[in-house]
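Hi everyone, thanks for making time.

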Amino acid sequence: METTQSQPSTEWRELVRKAGTPEFAAAFVPEAYLDTTVLNATCFGAEKIGAFFDTTRKMFDHLEFNHETVAGRRTYMEWVGQAFGSPIAGTTIVARNGAGLIESIRLYHQPLSAVVRFSTELAKRLEGKLGKAMFATSPYKAFVLEAFDALFNRRDYAAAEKFWSPNYIQHSAHIAPGRDGLFNLVKTLPPTLRYDSNLIMAEGDFVIAHGRFSGHGRPANWVACDVLRIERGLLAEHWDVLQDEATRATSASGLPMFGDKFPK
C-alpha cells in the first residue's frame, strides 16, 4: 500500500479538467461505470461519465483533496469543499485495469443535506444528457424529512438553518412570518415535541408531507399536511392544513387520522 501526502490527487484533478474531451474518454475502458450518491442509478460509458464530471466540477465553490491512498489497482481519494455556500466532503475511489485504464469510479458525498442539494441542481444541469432514471426518485423527500427531524425532533437550530431559506415565506395561519417566526415558535414548545411522518410526496419543486405533531402541550395531537416549495436547494415557501387528531369517540368515520391506530 502506498500513501501520498503531498499534493494528493494531482493526476486525477488534471484528468477531471479534461472531462468531455477525447483525451478524457481515452482514459477509460469501454464498459467503465460510475456509482455515486448524487445519482439514482449507475452511469455507464466514458461519454456520460465525462458529462457528469464536466458539470460537477463547475458546481463547487471550493474543492481540496487532502489525502490519497493507492492500494493495488485502486486509488482512494478524500476531499473537502464547499458547494452552494455549504460544506461538502467525500471520497472518490478509482479502479483501473492492468493497462492503467479506468474501469470504475465510486464517489461518495456527505452530509445528506449537501447530497440532496447537489443532486437536485445536477438534475437540472444534466437534463437531456443523462437518462431520467438517474434522477427518477426525488431527493426532496429525504431532504424534507431530514429538515423536520433537525428542527422539531433534535432542536438543532444550526443544522436547521442549512435547510430553511433566510427568505422563507410563511403562509400558515398559526406561525409568524419567515424562518425566524417558525424557529421562535419551536423554541417556545416543550422538549417533548415530536414530528412523525406518515406519507410524503414530491412533484417538481414541491413536497407534500402528511405527519403528526405530538408532545406540544396541547390537549390533542396535530395532524398536518405541510406543502413546501424548494428553491435553490432550500425550503423557500410553506402552506399547511392542521387538524386536532380525532379519538375513537370523536371520529365520524370510525377510522384513525394517522396510521392505523387511534391516539391513547
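**A walk through the model**

Let's start with helix α3, which is mostly covered: eight of its 11 residues are buried, where buried means under 20% relative accessible area with a 1.4 Å probe, protein chains only. Helices here are DSSP runs of H or I with at least four residues, strands are runs of E with at least two, and both are numbered from the N terminus. Before I go on: this is a predicted model, where local features need pLDDT of at least 70, side-chain atom pairs count only at pLDDT 80 or more, and totals for chains, interfaces and linings use all residues. Residues are numbered from 1 along each chain as its sequence is written, and side-chain values use heavy atoms, with hydrogens and water left out.

Back to α3. The buried ones are Ala46, Ile49, Gly50, Ala51, Phe52, Phe53, Thr55 and Thr56. And what covers them? Among the elements doing that are α1 (10-17), α2 (22-25), β2, β3 (43-44), β7 and α4, with contact meaning heavy atoms within 4.5 Å.

Let's take α4 from that list. α3 (residues 46-56) and α4 (residues 112-125) pack at an angle of about 115°, and their axes are 11 Å apart. The axes are lines fitted to C-alpha atoms, for helices over the stretch in contact, and angles run from 0 to 180 degrees between N-to-C directions. Who makes the contact? On the α3 side we have Phe52, Thr55 and Thr56, and on the α4 side Phe118, Leu122 and Arg125.

Now the strands. β2 (residues 28-36) runs parallel to β7 (residues 102-110), and five bridges join them; two strands pair if DSSP finds at least two bridges between them. If you want a spot to look at, Tyr33 stands opposite Ser104 in β7. β6 (residues 86-96) is antiparallel to β7, with eight bridges, and there Thr91 sits opposite Tyr108. The hairpin of β6 and β7 has five residues between the strands, and Gly100 takes a positive phi near 90° in it.

Moving on, there's an open sheet of five strands in the order β8-β12-β11-β10-β9, with mixed pairing. β8 (164-170) and β9 (194-203) are at the edges with a single partner strand each, so one side of each has no neighbour in the sheet. On average, neighbouring strands are turned by 25° against each other, direction ignored. α5 packs on this sheet, touching β8, β9, β10 (206-214), β11 and β12, and its direction makes about 160° with that of β9. Within the sheet, β11 (residues 222-231) and β12 run antiparallel with 10 bridges, and Leu228 stands opposite His238.

Leaving out residues up to four places away in sequence, Phe183 touches Leu151, Tyr157, Ala160, Glu161 and Trp164.

How values were computed. Buried < 20%, exposed > 50% of the residue type's maximum accessible area, 1.4 Å probe, protein only.
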